[in-house]
Amino acid sequence: MRHLLVLLLLLAGVASCSDYDEEHYDAPEPQHYGRVVVVYMSGDNNLSTCALNDLAELRRGSRAVDGSDRLLLFVDHLRDARPYVIDVTAGAVDTVMRYPSEVYASDPALFRSTLDSLMRRYPADDYGLVLWGHSSGWLIERDTIAGTLAPAGRRAYGYDSRGDQGATTARWMNVTQMARALEGLPRFRFIMGDCCCMLCVETAYELRHAADYLIGSPAEIPGDGAPYDVIVPLLFSRTDSFCRDIVDAYYAHYQATYQTGEYAQDFDMAYLQGYSVPLAVVDLQHMDALAEVTRRVLMPREQYSVDGLTYYFGQLFAYSFVPVMYDMGNVMARNLPYADYAQWRVALDKAVPYRLNSSRWMTIYSALRSSMRSSTFEPNDTAYAGLSMFVPLSLYDRYAGCDYNETIKTTQWYDAIGWGREP
């Protein structure tokens, strides 16, 4: 098993504290840190093994983190009924707190209280947040954590099965709920979404007041996620290019991985050789300006042209695979006059100052994989935005349960760009 020795050492360190509740842990010595990074691992699901593997990588990467910074991990996975928080710094693992019972990591109240508690206990010049787990961007199930079960394909962030592999009690945290949970907390230097489809314009706009930068992918990412042994030192970098450096390292890792090892030997994965993961950096201070110019140039119409454009997500309805989350740059280039597109592109380049394109990526959807293999998605670095975008289509009204045209109305982006205006 990958990183077996390091993993066993890590689990031994955690297990030694497994009989204690949070009240038994002393608060750290008063200290002001340079940067504190919190990795929120929602792994109480089919990513549980990946979570344990990434814990080993995080510990290795933490050897480059000295005492002036702190790497803190909220961990929830299937092998431990009680989530816990650990301090993983300079290769050492200390348990900060352990919850007295099973909880939903996707509960917005728990999410906020955990972050608030850690920020109070570890005051710092700035903070970073890594969202680890399942995600599908802005797609919404109203009041998911309040008691409504989340049907397959209707989600947002932090899928938590609460130990039930059958997912009959699974819950998600909508991105709108996440944004509200982050209100009033210190603004993060960055939020990195190590989860699928995090870089959609609707999510970026929702989180624009929560952080300086949003880092991630508009597409699905592999279950293994980021190469944390390489990424962790970059999470604490103070260079102006630290966001770009994170993207570069992530991209290079999978570009190399897909050439060798299990992926090269697996026939179904042969289509990935030479490719990686679409990735980008969003400068959230420019999201309002992007919304303003988008509203100005993209007038409502009866139907938008999206045939053949790159999309990052889809869902089966009545045995038909229905695409959603089209690449924003492709949509605008296709549907705007050149002068308007050029004006819009200036705003986009400020909002998304760095992006790396890959016209193929690992996906669980056979229809999407077939589109990639048939070169439906030709490389288009010129139009590629690094952000996905919802486009109202009459197609979505044809299928029972496909209510994208309605659920998009719960996002702030919908109002900001005036999707509801009459054509």
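Predicted model: local features only at pLDDT ≥ 70, side-chain atom pairs only at ≥ 80, totals over all residues.
Ala-90 sits in the loop between β3 (84-89) and β4 (92-98), and its phi is positive, at about 55 degrees, although Ala-90 is not a glycine. Of its 423 residues, 60% count as buried. Take the contacts between residues at least 6 apart in sequence: 73% of them join residues at least 24 apart.

**Another alanine with positive phi**

- Ala-318 also isn't a glycine, yet it has a positive phi of about 50 degrees.
- You'll find Ala-318 in the loop between β11 (311-317) and β12 (320-327).
- Ala-318 counts as exposed because its relative accessible area is 62%, and the cut-off for exposed is over 50%.

**Helix α11 on its own**

- Helix α11 runs over residues 338-351 and has 14 residues.
- From first C-alpha to last, α11 reaches 20 Å, which is close to the 20 Å expected at 1.5 Å a residue.
- Its buried residues are Tyr-341, Trp-344, Arg-345, Ala-347, Leu-348 and Ala-351.
- The cover over those buried residues includes β10 (279-283), α9, α10 (328-335) and β13 (354-356).

**α9 against α11**

- Helix α9 (residues 287-297) packs on α11 at an angle of about 165 degrees, and the two axes are 9 Å apart.
- That angle makes α9 roughly antiparallel to α11, since anything over 145 degrees counts that way.
- The crossing of this pair is left-handed.
- On the α9 side, the contact uses Met-287, Leu-290, Val-293, Thr-294, Arg-296 and Val-297.
- Facing them from α11 are Asp-340, Gln-343, Trp-344, Ala-347, Leu-348 and Ala-351.
- Sorted by class, the residues of this contact come out as 8 nonpolar, 2 polar and 2 charged.

**α10 against α11**

- Here the packing angle is about 155 degrees and the axes of α10 and α11 are 8 Å apart.
- α10 and α11 are therefore roughly antiparallel to each other.
- The crossing of α10 past α11 is right-handed.
- α10 brings Met-328, Gly-329, Met-332 and Ala-333 to the contact, while α11 brings Tyr-341, Trp-344 and Arg-345.

- Ser-388 belongs to strand β14 (residues 388-389).
- With a relative accessible area of 0%, Ser-388 is buried.
- Leave out residues up to four places away in sequence, and Ser-388 touches Leu-199, Cys-200, Val-201, Glu-202, Pro-218, Tyr-312, Met-325, Tyr-326, Asp-327 and Met-328.
- Thr-203 lies in helix α5 (residues 201-206).
- Thr-203 is buried too, at a relative accessible area of 1%.
- Setting aside neighbours within four places in sequence, Thr-203 is in contact with Gly-137, Trp-138, Val-175 and Met-198.

Conventions:
Residues numbered from 1 in each chain as written. Heavy atoms only, no water. Axes fitted to C-alpha atoms, helices over the stretch in contact; angles between N-to-C directions. Helix = DSSP H or I, 4+ residues; strand = E, 2+ residues; numbered from the N terminus. Parallel < 35°, antiparallel > 145°, perpendicular 65-115°, else oblique. Left-handed = near helix turned anticlockwise from the far one by under 90°. Contact = heavy atoms within 4.5 Å. Nonpolar A, V, L, I, M, F, W, Y, C, P; charged D, E, K, R; others polar. Expected span 1.5 Å × (residues − 1). Buried < 20%, exposed > 50% of the residue type's maximum accessible area, 1.4 Å probe, protein only.
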